[in-house]
Amino acid sequence: MSVPVQRRTYKSADERKAQILDCALDAFSEAGYHATSIADVCARAGIGRATLYQYFEDKRDLLVALAEGLADRIVTVMKQRDPLRLPAGFRPTREQAVAFTYERIATVLRAAFGDPRAVRLLLRAGRGTDGMVDAILRRIDDSVLRAMEMDLSAARDAGVIRAIDPRFVARFLLGGYEKVLLMHVDEERPIDFDAIAREAALLEMCGLFQQEHS
């Protein structure tokens with residue numbers, strides 16, 4: 001497959017750096033980190049090696065910068081989410097609980113995995129590549145897990161769902177989301193976040209909802 005080469009145009013330092021990172025994200029997500037060379041990134045960006053080396057030391061530096069950028073974006077979105085607050089005595093029907101859970105799941109999925117290239121980087125290209133990169137990706141996992149745990153704890157404490165271990169359930173659910181998303185990416189299928197969120201909400205409520213409230 002031929003790689004589209006961008007025409008060289010004048011860009012500010014910030015614009016050029018962002019362009020290089022965007023091209024590196026394309027390359028890493030398509031071919032994988034190890035199979036991608038600096039020459040591949042330069043060809044996509046329409047620049048020479050000397051230009052790239054003005055901004056990044058090597059291929060590892062590119063991967064670290066991408067991981068840090070993704071982590072900062074996702075952590076910020078997770079922090080800005082409104083906390084789940086349920087009034088005392090709140091007893092939703094199963095249908096209401098599914099609809100509410102769907103909205104929370106969809107928000108997390110779009111924030112964390114909205115860019116298919118980021119899905120590839122997070123779940124395949126970057127993991128196990130470098131200790132620093134793994135630490136950055138764990139920061140993303142921890143941020144998403146923390147948001148999920150808070151939702152689960154609030155729902156449990158309000159009596160909407162059964163008594164659970166929020167940490168365990170959050171890890172279990174996040175692992176399932178990641179597996180489904182990676183399957184879509186590997187099979188080059190479009191990611192339908194709404195459909196995934198709906199099915200996930202139904203599955204979650206089958207196992208977590210307090211039956212006596214239905």
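From the N terminus onward, the elements of the protein chain run α-α-α-α-α-α-α-α-α, giving 9 helices and 0 strands. Helices (H or I, at least four residues) and strands (E, at least two) are DSSP runs, numbered from the N terminus. The model is predicted: local features need pLDDT of at least 70, side-chain atom pairs count only at pLDDT 80 or more, and totals for chains, interfaces and linings use all residues. Residues are numbered from 1 along each chain as its sequence is written, and side-chain values use heavy atoms, with hydrogens and water left out.

Of the 214 residues of the protein chain, 48% count as buried. Buried means under 20% relative accessible area, exposed over 50%, and partly exposed in between (1.4 Å probe, protein chains only). Among contacts between residues at least 6 apart in sequence, 72% join residues at least 24 apart; contact means heavy atoms within 4.5 Å.

**Helix 1 against helix 4**

Helix 1 (residues 13-31) packs on helix 4 (residues 59-80) at an angle of about 95°, and their axes are 10 Å apart. Helix 1 is therefore roughly perpendicular to helix 4. Helix 1 contributes Ile20, Leu21, Ala24, Leu25 and Phe28 to the contact, while helix 4 contributes Lys59, Leu62, Leu63, Ala65 and Leu66. These residues divide into 9 nonpolar, no polar and 1 charged. Axes are lines fitted to C-alpha atoms, for helices over the stretch in contact, and angles run from 0 to 180 degrees between N-to-C directions. Angles under 35 degrees count as roughly parallel, over 145 as roughly antiparallel, 65 to 115 as roughly perpendicular and the rest as oblique. Ala, Val, Leu, Ile, Met, Phe, Trp, Tyr, Cys and Pro count as nonpolar, Asp, Glu, Lys and Arg as charged, and the others, Gly among them, as polar.

**Helix 2 and its cover**

In helix 2 (residues 38-45), the buried residues are Ile38, Val41, Cys42, Arg44 and Ala45. Seen down the helix axis, they fall within an arc of 160°, so they line one face of helix 2. The arc is that of the directions from the helix axis to the C-beta atoms. The cover over these buried residues includes helix 1, helix 3 (49-52) and helix 4. Gly46, with a positive phi near 70°, follows helix 2.

**Individual buried residues**

Gln19 is in helix 1, Ile74 is in helix 4, and Glu178 lies in helix 8 (residues 166-186). Arg81 is placed in the loop between helix 4 and helix 5 (94-113).

| Buried residue | Relative accessible area |
|---|---|
| Gln19 | 9% |
| Ile74 | 0% |
| Arg81 | 14% |
| Glu178 | 17% |

The side chain of Arg81 makes a polar contact with the side chain of Asp151 at 3.0 Å. A polar contact is a pair of N or O atoms within 3.5 Å; within protein, one must be able to donate a hydrogen and the other to accept it, and residues adjacent in sequence count only if both atoms are side-chain atoms. Not counting residues up to four places away in sequence, Arg81 touches Arg104, Thr107, Val108, Ala147 and Asp151.

With neighbours within four places in sequence left aside, Ile74 is in contact with Ala111, Ala112, Leu122, Ile140, Ser143 and Val144. Glu178 and Phe113, 65 residues apart in sequence, are 8.9 Å apart, C-alpha to C-alpha.
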